[in-house]
Amino acid sequence: MPNLEKKTLTKQSEDFAQWYQDLVYEAELAEVSEVRGCGIVRPYGLKIWELIKAELSRRLEDDGVENVYFPIFVPLENLEAEKDHVKGFAPELAIVTHAGGEELTNKLAVRPTSEAAMYKTYAKWIQSYKYLPLRLNQWANVVRWEKRPRAFLRWSEFLWQEGHTAFATETEARAESRKMLDIYTDIYKFMAIPGFSGQKSESEKFAGAVDTLTIEVMAKDGKAIQGATSHYLGTNFAEVFKVNYLGSDGNSHLVQQNSWGLSWRAVGAVVMVHGDDNGLRLPPNIAPIQVVIIPIYKDELSQKKVLENSNKISADLKKKYRVKRDERDNESPGFKYNYWELRGVPVRLEIGGREVEENKVTVFRRDLNTKETVVLGELAVYLKKLMKDIHKNLYQQALDFSGSHIKKIKSWEEIKATNIWYEASWSEDPATEKELKEKFGIVSRVLPLKNVSKPAKNKKCFISGQAAKRDWLFAKCY
RNA sequence: CGGGGUGUGGCCCAGUUGGUCCAAGGCGUCUGGUUUGGGACCAGAAGAUCGUGAGUUCGAAUCUCACCACCCCGACCA
């Protein structure tokens, strides 16, 4: 729980995990719930997710993906059908054993993901090649009873979108998987977050997938956050759920499938990437409030003038931005500054007697924590540019940060700290990854796209000394 | 699942050699007033089965036993 008494966040440098927790609760993104591991997302936090969702939704619709909805419950036997899949998820399943006052003969799992919920139906829907490709998406909640929950990043229940597609050929399916990764990469850019997109290792990929593509994000404590994944499932699930189609050749074939998802974990990533010791810093694209106006006055006369003025400005700005006027009479300007800085509002306008008299406003930008005075007539143009600048600057800061926190190494003996990432040539042997994890708590995060078809820079694997295949990124992760 | 910690008004908590505790303080809330350019102040008010159960005792927030819940670290983690 946040310590509201101290009124200041734990410093990032003191205890990053504590800082994150303090911020999530004090900025009113979320609330602890009565249910272990589950979070209550408050309006301010949910709005950030909804803004991310709106953008992704738009992108998917533009691309011709249709939305669908399947039940939250999955027959347990369906889930058990794909053997890697069930092995991966069994430990974290919530299972319904009783309903309607009776014990269920056929137990139901609360979906941890919906492959097993959907594909039997896909088999029904897909008859011939004419029904392909099938590209559906659902916005849903899923439940994964992880041993160690973390606000936004790993709550037991979370909201996400999961796309499930079926194609005739591997080429098409793999192209789709890659396209979705690109869309996710764009969505992270929309949040002013540079990600590392690429491929997962054998041990890190999705249970049931042939290949998993991922976008990895670097938090300010140097840990990696898996931002979104796009899986090429091959025919693994199609075999189990008998998803075949009649080809133009007259023969029956298995479909080639993908699934891809992005969750509200992205909100946690935004906090961990952009936040500072004063609180959240939101890029304008996903800020529930983009401009907050603080009227400042001393007596009734100036109050009237200032409020008139700020109302006019706010009415004007509301046409283009999400604007909030903070007219609470019982709080001081200083209190309000801190209040909205904690919540990461990108731009603050201060309007007091001075501004009214000179026909100006004072503009504060949260990304740099600086103030400037702007002539009222130039405000619209100024803000338009400022919003772009803030986005660019946040992105650049994050890019510089991650760039300066990756160390290229030739041998794992060079690993001293675990609060940075390492780039190294790797044999891709799962056994070596296990060793690395045991010794340093570090795992492979991603084979960056640019390295996928490039041979390793160094001949020897940085762990085992065997022949290295390609250059991967390694880090601790959330 | 292993290690550690915590449970006291809405929130943060003090109080644990048993009695002076029908529980202190701060934040927040409410009322009134003064304030308002970087986390305002004064006065007053409301608000508590001290996690649950049993036990010891003349007497339990405090001691004993059992249980429950949550948090943190780790293992696990698409």
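The exercises below work through the domains, a sheet, a helix pair and some backbone features of a predicted model.

Residues are numbered from 1 along each chain as its sequence is written, and chains are lettered from A in the order in which they are written. Because the model is predicted, local features need pLDDT of at least 70 and side-chain atom pairs count only at pLDDT 80 or more, whereas totals for chains, interfaces and linings use all residues.

**Exercise 1. Describe the domains of chain A and the side of domain 1 that touches domain 3.**

Step 1. The assignment gives domain 1 (16–274), domain 2 (289–386) and domain 3 (407–475), with bounds that come from an automatic or database domain assignment.

Step 2. The centres of domain 1 and domain 3, taken over C-alpha atoms, are separated by 27 Å. In contact (C-beta atoms, placed from the backbone, within 7 Å) are 16 residues of domain 1 and 16 residues of domain 3.

Step 3. On the side of domain 1, the elements that give two or more residues are β9 (196–199) and β10 (211–218), and β9 gives the most, with four residues. Strands here are DSSP runs of E with at least two residues, helices are runs of H or I with at least four, and both are numbered from the N terminus.

Step 4. The residues on this side divide into three nonpolar, seven polar and six charged; Ala, Val, Leu, Ile, Met, Phe, Trp, Tyr, Cys and Pro count as nonpolar, Asp, Glu, Lys and Arg as charged, and the others, Gly among them, as polar.

**Exercise 2. Work out the order of the five-strand sheet, and state which strands stand at the edges.**

Step 1. The open sheet has the order β16-β15-β17-β18-β19, with mixed pairing; two strands pair if DSSP finds at least two bridges between them.

Step 2. β16 (323–325) and β19 (370–375) stand at the edges, and because each has a single partner strand, one side of each is left without a neighbour in the sheet.

Step 3. β18 (residues 360–365) runs antiparallel to β19 and is joined to it by six bridges. Val361 has Val374 as its bridge partner, while Lys360 has Val375. The two strands form a hairpin with four residues between them, and Asn369 in the turn has a positive phi of about 55 degrees.

Step 4. The number of buried residues among the six of β19 is zero, so this strand lies largely in the open; buried requires 20 or more other C-beta atoms within 10 Å of the residue's own, exposed 12 or fewer, and partly exposed lies in between, with C-beta atoms placed from the backbone.

**Exercise 3. Characterise the packing of helix α2 against helix α6.**

Step 1. Helix α2 (residues 43–62) and helix α6 (residues 170–190) pack at about 145 degrees, with axes 10 Å apart. Axes are lines fitted to C-alpha atoms, for helices over the stretch in contact, and angles run from 0 to 180 degrees between N-to-C directions.

Step 2. Ile52, Glu55, Leu56 and Arg59 of α2 meet Ile183, Ile187 and Phe190 of α6, and these contact residues divide into five nonpolar, no polar and two charged.

**Exercise 4. Locate the cis peptide bond and describe Phe152.**

Step 1. The cis peptide bond joins Leu132 and Pro133, with omega about -5 degrees, and Pro133 lies in the loop between α5 (115–125) and β7 (134–143).

Step 2. Phe152, in the loop between β7 and β8 (157–167), has a positive phi near 65 degrees. Phe152 counts as buried because it has 27 C-beta neighbours inside 10 Å.

How values were computed:
Contact = placed C-beta atoms within 7 Å.
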